Amino acid sequence: MSGAGFPLHELDSVAGSVWVASSGPGQLALVDGPTGEVAVQLAVAVPGDDLVAAQSGATGYVVNRTRGSVLRVESGTWEPGRPRTAVAGATAGLDVVVSSTAVYAVDSEQGLVVELDLETLAPRGPARSLSGGLGPSAPVVDDRGDLWLLEARRGDLLHVGGAVQLAARSAADPRTGRLVSADGRPVVIDPGAGTAVQYDDEGRPGPEACVDVSPTDDAVRFAGGTDRDEVYTVSGTDAVLRVTDLSTGTCDTVVSSIATPGSDLGTPVELDGRLFVPDFSTGQVVVVDLDTRRVLVTTDPLIGVGTAFDLTAKDGFVFYNDTASEKAGVLDLDGTVRSVSKYDPEQPALGLEAPEQPEPPVTEPTGPADEPTPPTQPSDPVTTAPATPDARPSTAPSAPPAPAQPDPEPTRPAASELRVVLAGDGTGTVQVSAGGACPPACTFSLSAGTASSLEAVAGPGSTFAGWSNVACSAPVCALTLGPGGTTIDPPGVNTVTATFVANPPPEPGLQLAPATVDLSASNDVLLTVVNGTGAETWSATTGVDWLTVTSGGAFAGDGTAHVSVAYAGGAQARSPNGTTGSAATVSLFAADGHLVQTLPVAVTSDGAPVLSGAHCEASPGSSNWNIAIQADDPPNQSISVTIHLTPVGPGTARDVPFPQNALSALVFLDGVYDVAFTVTDTASGMVSPNPPGLNCGAAP
């Protein structure tokens, strides 16, 4: 046997097997799908610790939220490794997402993410700060192994592939937005907008698809297809399954009555065209055939009524697990259930060969290479198997008790040395209340047993990421050195590490001046890039047929560019008079091509006069002629009209104004004249560029 589990020959195959955690006894079990049995049973934590299991292939990972550590179980040997502290100060908010290339440790409480090596769990770089924290949606990984998250402040979509990058600003409402994976790609769901958008590997959005859901329904759960471009929405409120087809953008497929309305439904799991929906109200699982759109089967109760449990799909099987009890099992595609007891609830250690408490977590050293390794401290006892027959009581005689000694004279406490190490790619200082500041000096002699405090102060452009070797997460930390109450963990280690990480460079931003264009006065908009690199590009578009804007391109060397907004050609294509609105947009793209920001350009104007024709007719019994023009929208116009008369043959050229705001006038014509018009909007001074013309009058 290798490790504290079952003999290896009892495990025929690791394909179709899933690691499941049990917080009560502090154990990890490997449940085999084909046989429906527990193949490996390991002690990995102190009984009662809050555990979560994750997996890559057959290798298991255990997140201990009580201790803030991550542990790896090697496939094949089933040897539990030493737990490691992935994110300094992380406890209840710690989670890991395992991909084919890395382990991502995410702390939702501190808003930090660290990329870890798959085998050693050593950090591949410093902790990265999520500027707005992590939203309520769980992170997902794509088919390349990169991590995607929704940020909590603005609902930004973040892409982690070696560095934290902004993929889409304000991708969803930060309070209600959700992130799922469909066919190996991230999908952002915005219930308030009723949309789902799938992003490619480079963060480029696809077309919007609809999501038929009430944004105020707190009972809604979302999931994406494993190898289908679909999003599944279930609501316990009405017990209806709704399917969004990302390839067509539609959301009109529903499966009703999958449970009793008012049920507490969990997040569904899709596998090979079947959707498995956990019903926490009854402890059952509902299996839906996605091709026929009907409920295939509802299982018997698997877990106690009102208990939340996990569903995991792998290699043709769906596994269920209750971390708070011994109950787990396997679901086949047809809904057949094989229940499993992960451990004996009366004797949790039964089945473990010499189970023992795991070693305390290892914090990755961030100081110099020759820094001494902290001594391992004894851990609390756990329940163990009965002693083997080979165990023998000691026959050595006990030493006689030492004679009583008088109390020693009181002495001054010995000096203890405190060493402060600064780590990370950021800058900062540590203030020691009883010693001074580090740097310049980072070794302090303090009286043993004397209370002191540390304060981490991040430098410009940096963030304090946490302490190592001291049980604190806040920047200000109290500690006592030496015997009798040291707060350094483990005791006797007087080296404290403060980690500072460099803040990611700010995303470029776009400023418009002016943000509103009055076409009666000007049509020029100045674009200015803030925090630019010189490689940003832009484009300008309009969604109406009465405007035209310049096309995008690169910015000038000073980080500025100009957008020209103008009316489209032809009087009939111009806007209705008095139109105001966001008729144009300008989009900013970063050097790598991803969309950073889109801003509206509001367009307002009284508009040039919009004229459709003119005519003249003789006034009966006189030489006066009635000359009139037609305007599309005369109630909104404040116009002046001047007639330009040019004789055809004998006569005198002259200009004749219409009365103010009038559209017609009686004009004396003593012959035939060519008539032209100047039509002016008196509010803006804009002149209609193509007024109608006509020939009017009669030969004498």
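The predicted model has a mean pLDDT of 79 for the protein chain, and 78% of the residues reach 70 or more; pLDDT is the predictor's confidence in each residue, on a scale from 0 to 100. Over residues 365-413 the pLDDT is below 50, and this stretch has 34 contacts in the model beyond near neighbours in sequence, a contact being heavy atoms within 4.5 Å. Residues 569-578 also stay under 50, with 24 contacts beyond four places in sequence. Because this is a predicted model, local features need pLDDT of at least 70 and side-chain atom pairs count only at pLDDT 80 or more, while totals for chains, interfaces and linings use all residues. Residues are numbered from 1 along each chain as its sequence is written, and side-chain values use heavy atoms, with hydrogens and water left out.

Turning to the chain as a whole, the protein has zero helices and 56 strands. Both are DSSP runs numbered from the N terminus, helices being H or I of at least four residues and strands being E of at least two. Of the 700 residues, 46% are buried, which means under 20% relative accessible area, against over 50% for exposed and in between for partly exposed (1.4 Å probe, protein chains only). The accessible surface comes to about 31600 Å², with 52% of it belonging to carbon and sulfur atoms; the areas come from the Shrake-Rupley method with a 1.4 Å probe, and for residues only the protein chains shown count as cover. Among contacts between residues at least 6 apart in sequence, 51% join residues at least 24 apart.

In one, four strands take the order E8-E9-E10-E11 with antiparallel pairing, where two strands pair if DSSP finds at least two bridges between them. Strand E8 (94-98) and strand E11 (128-129) are the edge strands, each pairing on one side only. Within this sheet, strand E9 (residues 103-107) is joined to strand E10 (residues 112-116) by five bridges, and alanine 105 stands opposite valine 114 in E10.

The other open sheet has the order E12-E13-E14-E15, again with antiparallel pairing. Strand E12 (140-141) and strand E15 (164-168) each have a single partner strand, so one side of each is left without a neighbour in the sheet. Two bridges link E12 with strand E13 (residues 147-150), and valine 141 stands opposite leucine 147 in E13.

Leucine 130 lies in the loop between E11 and E12. This leucine counts as buried because its relative accessibility is 3%. Beyond its neighbours within four places in sequence, leucine 130 is in contact with Gly111, Val113, Leu149, Leu158 and Val164. The C-alpha atoms of leucine 130 and valine 113 are separated by 7.4 Å, although the two residues are 17 apart along the chain.

Further along, strand E41 (residues 509-513) pairs with E43 in the antiparallel sense over five bridges, and leucine 510 has valine 529 in E43 as its bridge partner. In a regular strand the side chains alternate between the two faces of the sheet. Strand E43 (residues 524-530) has a covered face made up of Val525, Leu527 and Val529, and an uncovered one with Asp524, Leu526, Thr528 and Val530.
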